[in-house]
Amino acid sequence: MILIVVKFKTKPEYTDRFLDLVGPFTLATRAEEGNLWFEWSRSVEDPAEFVLVEAFRDGAAEAHVTSEHFAAGLDAMRPALAETPRIVSRQVEGEGWDRMGELRIED
């Protein structure tokens, strides 16, 4: 799978409404056939920083970045960003989350 993590830094006037701004993009991406997950978080240290963790089945990322909703999502978020987002994108084995062996919780 392709695992992608992106950090977005927002302008102060957009910070509180950033998740609403990217809402249509988020819903459309989650509906893509090859999307495994597309999850937003907000930094506990910097409220203007949002982190997107996303994953796609092998071969599905190209369809994502060439979709109409991807282009529309970039256009919608561009005015809200204070700087160029930072990204890590890697091919990894598997198609989902594994259990953390070092912190196993028995039911």
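**View 1. The make-up of the lining of the largest pocket.** In this predicted model, the lining residues divide into 14 nonpolar, one polar and two charged. Here Ala, Val, Leu, Ile, Met, Phe, Trp, Tyr, Cys and Pro count as nonpolar, Asp, Glu, Lys and Arg as charged, and the others, Gly among them, as polar.

**View 2. Inside the largest pocket.** Its volume is about 230 Å³. Of the 17 lining residues, Val 6, Phe 8, Glu 54, Phe 70 and Ile 87 are the closest to the centre. Two or more lining residues come from each of β1 (2-9), β3 (49-56), α4, α5 (68-77) and β4 (86-91). For your own grid work: a pocket is an open set of points on a 1 Å grid over the protein atoms alone, where a 1.4 Å probe fits, with protein on both sides within 12 Å along at least five of seven lines; lining residues have an atom within 4 Å of a point.

**View 3. Helices α3 and α5.** The axes of α3 (residues 23-30) and α5 come within 9 Å and cross at roughly 155°. The two helices are therefore roughly antiparallel (angles over 145 degrees, on a scale from 0 to 180 between N-to-C directions).

**View 4. Elements and confidence.** The protein chain has five helices and four strands (DSSP runs: H or I of at least four residues, E of at least two). Mean pLDDT, the predictor's confidence from 0 to 100, is 95 for the chain. Confidence is lowest in α4 (residues 61-65), at a mean of 88, and highest in α1 (residues 12-15), at 98.

**Notes.** Residues are numbered from 1 along each chain as its sequence is written, and side-chain values use heavy atoms, without hydrogens and water. In this predicted model, local features need pLDDT of at least 70 and side-chain atom pairs count only at 80 or more, while totals for chains, interfaces and linings use all residues.

Definitions and conventions
Grid points are joined across faces, edges and corners, and a volume is the space filled by probe spheres set on the points. Angles under 35 degrees count as roughly parallel, over 145 as roughly antiparallel, 65 to 115 as roughly perpendicular and the rest as oblique.
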